[in-house]
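Dear colleague,

I am handing over a structure that may be new to you, and my notes on what was found in it follow below.

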Amino acid sequence: MLIKKNLLYFFITFFFYNFAKSQEILIVSKVDDEIITNIDVKVEKKYLLLLNDNLNKLSKKEFSKLAENSLIREIIKKKEIDKSFIKQDQKIENKIVKDFYTKLGFNSKNKFIEFLNKKNINFEELKKKLVIEAMWNQIIYNKFKNKVKIDKKTIEQEILNYFNSKKKK
């Protein structure tokens with residue numbers, strides 16, 4: 001009888017402990033037909049910290065809002081990209097990823113993936129985010145490239161003036 005009570009106590013304790021550890025999933029925002037949950041925001045925070053470690057200095061509320069806004073912008077960009085592009089070439093995707101991990105100081109994709117695994121960041125999700133950002137930048141470039149006029153002579157003169165003023169000091 002004592003064994004049954006102890007066993008029952010163990011199962012009840014174990015069940016409630018696991019129940020208490022489970023995370024509640026809340027809808028934080030909605031963009032068109034896509035929802036953003038608190039779990040999505042938590043994952044986005046990891047990606048943002050990968051890009052800028054100084055974000056740790058923000059308050060939890062500010063950082064959460066920043067991550068939520070980042071996800072909203074990503075959804076909007078993805079929808080615009082889907083209107084403009086077909087499937088992205090795998091070679092271009094690999095180059096985007098390689099440029100990113102090289103900029104972070106990694107020599108190989110495998111070392112970068114190991115680093116991401118330690119940070120509990122999904123490589124494929126990061127790759128998707130990087131490709132979305134690169135494609136978005138291409139859309140913006142194509143849209144505005146003919147509207148930007150660069151006066152090389154003025155820029156050269158401003159650079160010379162800047163360096164001349166530095167020499168005088």
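**A nonpolar surface patch**

Helix α7 gives the most to a nonpolar patch, with four residues. Please keep in mind that this is a predicted model. The patch lies on the surface and is formed by I140, F144, V148, I150, I155, I159, Y162 and F163, which together have about 770 Å² of accessible area. Two or more of these residues come from each of α6 and α7, the latter spanning 152-168, and F163 is one that lies in helix α7.

**How α3 packs against α6**

Helix α6 (residues 123-144) also packs with helix α3 (residues 60-84), at an angle of about 60° and with the two axes 9 Å apart; in this arrangement α3 passes α6 in a left-handed crossing. On the α3 side the residues in contact are L71, E74, K77, K78, E80, I81 and S84, and they meet K129, I132, E133, M135, W136 and I139 of α6.

**Salt bridges**

Searching the whole structure gives eleven salt bridges. Because E34 lies in strand β2 (residues 34-37) while K79 lies in helix α3, the pair ties together parts that are 45 residues apart in sequence.

With best regards

Notes. Residues are numbered from 1 along each chain as its sequence is written. This is a predicted model: local features need pLDDT of at least 70, side-chain atom pairs count only at pLDDT 80 or more; totals for chains, interfaces and linings use all residues. Side-chain values use heavy atoms; hydrogens and water are left out. Axes are lines fitted to C-alpha atoms, for helices over the stretch in contact, and angles run from 0 to 180 degrees between N-to-C directions. A crossing is left-handed if the near helix is turned anticlockwise from the far one by less than a right angle, and right-handed if clockwise. Contact means heavy atoms within 4.5 Å. Patches are made of residues with over 30% relative accessible area and no salt bridge: like charges are joined within 9 Å, nonpolar side chains (Val, Leu, Ile, Met, Phe, Trp, Tyr) within 5 Å. Accessible areas come from the Shrake-Rupley method with a 1.4 Å probe; for residues, only the protein chains shown count as cover. A salt bridge is a side-chain nitrogen of Lys or Arg within 4 Å of a carboxyl oxygen of Asp or Glu.
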